[in-house]
Amino acid sequence: SEEDMYRDAEEIEREKVLLCETSSSEYKLSVSPEMDIMEYCTKEWRGNTPVAKRMRKGYEAVAQKFASIRRVRGDNYCALRATLFQALSQASQLPSWLQSEDFTMLPENLLSKYDWIKQWQLKQKLGRKMGEISDEIKEYLILLRKKWKNISEIKGPIEKQEACDKLFKNEEEEYSLYEALKFLMLNTAIELYNDDKNGRRVPVFSWLLFARDTSSNPCQLMHNHLNHIGHSGGLEQVEMFLLAYALQYTIQVYRLYKYSTDEFITLYPNEPEEDWPVVTLITEDDRHYNIPVRMCQETML
């Protein structure tokens, strides 16, 4: 059974206080500048407890492939933030699903079929009218396409990285992009749910997603999970699969606390599509994700 990895309210409040008290620019950055992976590991895991030893072994294994790490701000958007940052950092073209003509009509089309989407929670604002929700999500989807297109057209790796850093320092735009991703996750969930009901083949994670008491259908998934992402909760394991399918990216995660087990490197989805690009993340606990950068050698899945 899946353990709920969400942080409790006290932990979130402590971080808010810390953010208010500190003037360090590191806390204002969504994605901190890179630092040597083993230097970071040594700083974070000094003790000789079994956990610290396992973490160090895990970091040593990651350091065989990547030279540096970038810390990701630890709010409840961090899985979305780390995945999107990595996807944009290496984007060389606009994904086909972002190019489709009806992409920006998605909110309008879904709202015309599913009245319950009116209760979608955007950025903690409640009580919108149906048209307002549709218009606002449409703006976010347009922004996502525009930013992805602009960054993918930048040829130089340094300039591309600078453009990503700039975007992830613009809080208003950054959080708008996460709302777009969450809505794409809802759309993907609706498609999978309908496919299953109509007897079409669906990936195994889709059964697990809708086998939960709290998300037996897309409406419940929205109310009990997607509406809370970024506010009172992050992404659970099964929702990492949903994110991967929504973006049509394989998300490869080094799960450091699973070092020396079969789950140390986990792929979402387990059997990735060959033509999907791959992004790589690091987690110590399946709650918070950081980003490995500067690949040491060419690696193949």
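Two strands pair if DSSP finds at least two bridges between them. Helices (H or I, at least four residues) and strands (E, at least two) are DSSP runs, numbered from the N terminus. This is a predicted model: local features need pLDDT of at least 70, side-chain atom pairs count only at pLDDT 80 or more, and totals for chains, interfaces and linings use all residues. Residues are numbered from 1 along each chain as its sequence is written, and side-chain values use heavy atoms, with hydrogens and water left out.

**Stop 1: the hairpin**

Select β5 and β6. They form a hairpin, with five residues between the strands. Click on D286 in the turn: its phi is positive, about 65°. The two strands run antiparallel and are joined by two bridges. Across from T283 you will find Y289 in β6.

**Stop 2: the sheet**

Now widen the selection. Six strands make an open sheet, ordered β1-β2-β6-β5-β3-β4, with mixed pairing. β1 (35–36) and β4 are the edge strands, each pairing on one side only. Contact here means heavy atoms within 4.5 Å. Axes are lines fitted to C-alpha atoms, for helices over the stretch in contact, and angles run from 0 to 180 degrees between N-to-C directions.

Return to β5. Its pairing with β3 is parallel, over six bridges. Pick out Q252 and its bridge partner T280 in β5, then Y254 and its partner I282. How many of the six residues of β5 are buried? Five are, so the strand is mostly covered. Buried means under 20% relative accessible area, exposed over 50%, and partly exposed in between (1.4 Å probe, protein chains only).

**Stop 3: the loops**

Most residues other than glycine have a negative phi, and most peptide bonds are trans.

- Q248 counts as partly exposed because its relative accessibility is 32%.
- S260, in the loop between β3 and β4: phi is positive again, near 75°. At 59% relative accessibility, S260 counts as exposed.
- P269, in the loop between β4 (265–268) and β5 (278–283): a cis peptide bond joins Y268 to P269, with omega about -5°.

**Stop 4: two crossing helices**

Select α10 (residues 171–197) and α13 (residues 237–247). They pack at an angle of about 95°, with axes 9 Å apart. Therefore α10 is roughly perpendicular to α13; that term covers 65 to 115 degrees, while under 35 is roughly parallel, over 145 roughly antiparallel and the rest oblique. Show side chains. From α10 come L181, L184, M185, T188, A189 and L192; they meet E239, L242, L243, Y245, A246 and L247 of α13. By class, the contact has 10 nonpolar, one polar and one charged residues. Ala, Val, Leu, Ile, Met, Phe, Trp, Tyr, Cys and Pro count as nonpolar, Asp, Glu, Lys and Arg as charged, and the others, Gly among them, as polar.

**Stop 5: a two-faced helix**

Finish on helix α9 (residues 157–167). Which residues of α9 are buried? They are K160, C164 and L167. These cover an arc of only 65° around the axis, so they sit on the same side of α9. The arc is that of the directions from the helix axis to the C-beta atoms. Turn to the face away from the buried side: it carries the exposed residues I158, E162 and K166.
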